[in-house]
Amino acid sequence: MSYNFKTIRPVMPAKDMINVILSKTQRKTPTVVHPGYDISRIRGFYMRKVKFTQETIHEKIDAILQDFPKLDDIHPFYADLINVLYDKDHYKLALGHVHACRNVIDNIAKDYCRLLKYGDSLYRCKMLKRAALGRMCTTLKKLTSSLNYLDEVRKHLSRMPAINPFERTLLVTGFPNVGKSSFVNNITNANLDVQPYPFTTQNLYVGHSDYNFVRWQVIDTPGVLDHSLSERNPIEMQAITALAHLKACIMFFLDISETCSYSIDQQIALFKDLKPLFKNKPLLLVMTKIDIKKFEQLDPIDQQKLQDVIQSENVFYSQLSNKSGEGIALVKEKACNLLNEWRQNLKPEQLTGGNPNLLREESILQGVYIAQPKRVNQNRMPVIPQVVGKLNRPTLKDVQEQNGGAGVFSFPLQEHFLLDNPDWKYDAVPEIMDGKNIGDFVDADILQRLEELEKEEEMMDQAEVEDPEEDAREEMLLNTRDQVNKKREMIKEEHHMKMKQQVKLHRPNLEDAKEDFAKKGIDTTFLEQRAQKFAAKKVIQKQKRQQHSSDDSDDNDMDIEGNERNQRKGRDALSRSRSRLREISRSRSRGNKKVLTAQEQAMERMSKKIQRRRRNEAKAGDGDTKIDCKMPKHLFTGKSGIGKQSRR
Ligand SMILES: Nc1nc2c(ncn2[C@@H]2O[C@H](COP(=O)(O)OP(=O)(O)OP(=O)(O)O)[C@@H](O)[C@H]2O)c(=O)[nH]1
């Protein structure tokens with residue numbers, strides 16, 4: 001199982017997450033609701049918003065929880081590494097906090113959905129939704145520090161090399177500056193930083209190399225100093241973690257030239273100190289920088305010390321120089337063979353950590369022989385069939401080259417014409433030949449059809465010759481139509497006259513009406529008033545008519561005096577009738593006005609008072625239909641910023 005932490009998705013800061021979630025809710029749920037809707041529809045509208053928000057948050061938090069590795073599930077090497085780098089407790093607390101918040105948000109949504117079921121108005125439902133979303137966002141906001149921490153962890157994890165704990169591994173360790181990175185660079189393509197000062201390597205680095213047709217993982221570790229475990233810093237602890245957990249061949253590098261600024265004694269002490277971590281693992285003591293000082297050139301005391309260590313601890317040893325390249329291949333071979341031998345004694349389960357895929361891979365690899373095919377005939381010439389060789393005719397390209405090359409030469413379309421005589425191919429084609437062109441051959445029956453057409457036209461002309469009987473018939477029809485129209489007009493006229501007479505007959509007399517009402521005991525004064533008003537109206541209308549008619553009839557020869565007199569007469573009559581009208585008129589609403597009780601009047605006064613301020617400030621009330629849209633699309637799309645224009 002290989003661990004690739006690069007796939008962990010970025011963790012959004014809480015603030016951004018809230019923005020994303022709220023805008024997603026706004027975009028993906030309906031936005032229009034009216035107070036006039038059925039209450040169950042309004043409840044559904046807001047419930048959907050609450051549920052959608054909760055689901056979105058749930059999804060986002062789930063993604064975080066799934067992406068981050070669970071310390072109990074991963075290989076102990078990675079679990080310890082995460083503990084060293086990010087503090088296991090802090091890591092677990094952050095993930096736990098995120099998990100707890102997810103549950104809290106789920107519960108909030110559940111509670112508010114339950115409350116929304118009892119919402120009795122749009123306003124109440126809206127307020128409940130607002131409260132639900134608000135509480136969810138507040139809960140999310142509390143995650144700020146945990147989310148920031150997790151994102152930092154993600155960034156660091158993603159830069160970590162993908163180390164496969166089950167692959168064949170060579171682990172290089174030792175004091176700083178002893179030439180570890182140089183060796184890894186020499187046998188892999190890792191291209192690590194090499195500097196003449198200690199602690200150049202501060203993280204674990206991995207390179208790959210091939211040996212015996214199998215891939216080998218070579219891990220470069222930061223340098224380790226000789227002091228107690230509690231004093232080790234996180235950089236050193238990474239190396240210790242790798243030494244403790246990886247089933248690898250340990251290559252302890254010892255700089256016998258002492259140019260790394262640590263004495264041989266110090267390096268031997270560190271070797272002994274770390275020995276418990278190498279227990280039961282293949283170990284190779286590598287003496288480096290032999291280009292500066294060979295083992296034989298060492299002080300006899302140092303030589304003795306080193307031999308004592310090798311014999312007492314029963315370790316294999318080797319020498320190399322990264323500068324001259326001496327012994328590098330040998331060291332690599334020795335280490336790989338040591339590990340291979342050691343692995344043969346292990347059970348497949350121990351090598352693969354029980355991973356069935358790796359188990360199968362391992363068992364397959366053990367029985368595979370990689371064969372290299374040997375080529376008998378090295379120089380294979382192209383084979384051209386004999387038939388092709390025989391044809392030997394010029395290709396179209398040859399023809400093109402002969403005739404001026406590309407651009408000048410145009411492909412002769414006549415080349416493939418199928419004619420009786422192939423010599424005719426390139427003859428010019430005449431437009432008219434023997435008095436005919438190509439159109440004459442398209443329709444052979446054209447003349448016959450033309451004749452038929454002409455005959456048809458003649459027949460139609462004959463049919464159009466005038467007929468006197470037809471004329472008489474047409475005239476008779478017209479007369480009949482006139483008579484019918486006249487008769488219809490007369491019937492209409494008669495009907496109008498009849499109706500007028502009927503109206504006159506049925507108009508009640510004032511006196512009769514008065515008597516009628518008096519018999520029924522109803523006051524008749526209003527009847528008289530109406531009659532007077534009607535009479536006055538009639539007088540005015542009559543005078544107006546008279547005035548118009550006198551204006552029209554007198555025309556130019558009417559004398560000025562007469563005209564003035566007439567006008568004065570008319571004006572007097574008009575003013576008289578108006579004053580009389582004023583006397584009898586009354587406002588239309590007075591009769592309909594309802595008499596309010598004292599209590600009703602007080603109520604009206606109060607409601608006016610309440611509404612006064614709102615009315616003066618032109619504020620919208622609860623009753624006002626209002627369809628809010630937080631971000632109107634037309635104002636927020638496009639390139640120009642907000643506030644430059646009132647419209648786009
Ligand atoms: N003469 C000589 N110099 C070497 C040899 N190997 C490494 N060096 C030098 O030693 C210095 C340290 O080499 P590194 O490969 O960075 O050593 P390291 O152990 O990885 O050091 P850290 O990264 O600090 O742990 C560099 O200046 C190298 O050029 C060698 O075999 N011979």
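**Close-up views of the predicted model**

**View 1. The loop that holds Lys289.** Lys289 sits in the loop between strand 5 and helix 10 (300-313). Helices (H or I, at least four residues) and strands (E, at least two) are DSSP runs, numbered from the N terminus. This is a predicted model, in which local features need pLDDT of at least 70, side-chain atom pairs count only at pLDDT 80 or more, and totals for chains, interfaces and linings use all residues. Residues are numbered from 1 along each chain as its sequence is written. The phi of Lys289 is near 60°, a positive value in a residue other than glycine. Most residues other than glycine have a negative phi. Lys289 counts as buried because 24 other C-beta atoms lie within 10 Å. A residue is buried if 20 or more other C-beta atoms, placed from the backbone, lie within 10 Å of its own, exposed if 12 or fewer, and partly exposed in between.

**View 2. The loop that holds Asn177.** Asn177 belongs to the loop between strand 1 and helix 7. Its phi is near 70°, again a positive value in a residue other than glycine. Asn177 is buried, because it has 22 C-beta neighbours inside 10 Å.

**View 3. The largest nonpolar core.** A nonpolar core is a set of buried Ala, Val, Leu, Ile, Met, Phe, Trp, Tyr and Cys residues joined through C-beta atoms within 7 Å. The largest one has 44 residues, of which Leu171, Met251 and Val286 touch the most other members. Elements that each supply at least two residues of this core include strand 1 (169-174), strand 5 (283-288) and helix 11 (328-344). Strand 4 gives the largest share, 6 residues.

**View 4. The surroundings of Met251.** Not counting residues up to four places away in sequence, Met251 touches Leu170, Leu171, Val172, Leu284, Val286 and Ala335. Two residues are in contact if their C-beta atoms, placed from the backbone, lie within 7 Å.

**View 5. The shell around the ligand.** Of the 23 residues around the ligand, Gly179, Ser181, Thr201, Gly223 and Asn322 come nearest. A residue is near a molecule if its C-beta atom, placed from the backbone, lies within 6 Å of it. Helix 7 gives the most to this shell, with 3 residues. The shell divides into 8 nonpolar, 11 polar and 4 charged residues. Here Ala, Val, Leu, Ile, Met, Phe, Trp, Tyr, Cys and Pro count as nonpolar, Asp, Glu, Lys and Arg as charged, and the others, Gly among them, as polar.
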